[in-house]
Amino acid sequence: MSLAVRAIVAALRDGQTVRWVVRGGSMWPAIPDGSEVEVTPCAASDLRVGEVAAFCRGGALVVHRVIARSGDGLRFRGDSLRRDDGLVPPGEVLGRAKVLRRARLRWTRPRRDKLLGAARAALEWLRAHAQP
């Protein structure tokens, strides 16, 4: 675990809200690479399906969307990914994330798997929030 990740995790576990610039394309297009996020500590039980949150796994700090709840924890997945992150125990959940500054979307043609993942996430969100 890098020194920066250790500092962020320690601050969140100490109850402090933390801001940082995220790297990676797993949450594209909702959170493009280079966007600034703010994470506010909260219990895993406070998170709802569809919210974006941070957790620590294998020395990495991950910001992904909650896709399911179970008695043993939460399941997360990046919006542009096909697979979820597996079961995340409540002790690994750090807090609720919100985007403070979105990086500009790059209008290069996205990889097919990223585009399909984003479309799938949008459809899932629509199904979850559709009014009967």
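User: Leaving aside its neighbours within four places in sequence, what is Ser80 in contact with?
Analyst: Gly25, Ser26, Met27, Trp28, Asp113, Lys114, Gly117 and Ala118, where contact means heavy atoms within 4.5 Å. This is a predicted model: local features need pLDDT of at least 70, side-chain atom pairs count only at pLDDT 80 or more, and totals for chains, interfaces and linings use all residues. Residues are numbered from 1 along each chain as its sequence is written, and side-chain values use heavy atoms, with hydrogens and water left out.

User: Where is Ser80 found?
Analyst: In the loop between β5 (73-77) and β6. Strands (E, at least two residues) and helices (H or I, at least four) are DSSP runs, numbered from the N terminus.

User: Buried or exposed, this Ser80?
Analyst: Ser80 is buried, because its relative accessibility is 3%. Buried means under 20% relative accessible area, exposed over 50% and partly exposed in between, with a 1.4 Å probe and protein chains only.

User: And what does the side chain of Ser80 reach?
Analyst: The backbone oxygen of Gly25, at 2.8 Å.

User: Switching to the sheet. What is the strand order?
Analyst: The order is β1-β2-β7-β3-β4-β5-β6, in an open sheet of 7 strands with antiparallel pairing. Two strands pair if DSSP finds at least two bridges between them.

User: Which strands stand at the edges?
Analyst: β1 (18-21) and β6 (87-88). Each has a single partner strand, so one side of each is left without a neighbour in the sheet.

User: How many bridges join β2 to β7?
Analyst: 6, between residues 36-41 of β2 and residues 93-101 of β7, which run antiparallel. Among the bridge partners, Thr40 has Arg96 in β7, and Pro41 has Gly95.

User: And how many bridges join β1 to β2?
Analyst: 4, and these two strands also run antiparallel. Arg19 has Glu38 in β2 as its bridge partner.

User: What about α1, which residues are buried there?
Analyst: Val5, Ile8, Val9, Ala11 and Leu12. Seen down the axis of α1, the buried residues fall within an arc of 165 degrees, so they line one face of the helix. The arc is that of the directions from the helix axis to the C-beta atoms.

User: What do the buried residues of α1 pack against?
Analyst: β1, β2, β3, β4 and β7. On the face turned away from the buried side, α1 carries the exposed residues Leu3 and Arg13.

User: What comes just after α1?
Analyst: Gly15, with a positive phi of about 95 degrees.

Note on methods: Polar contact = N/O pair within 3.5 Å; in protein donor to acceptor, adjacent residues only side chain to side chain.
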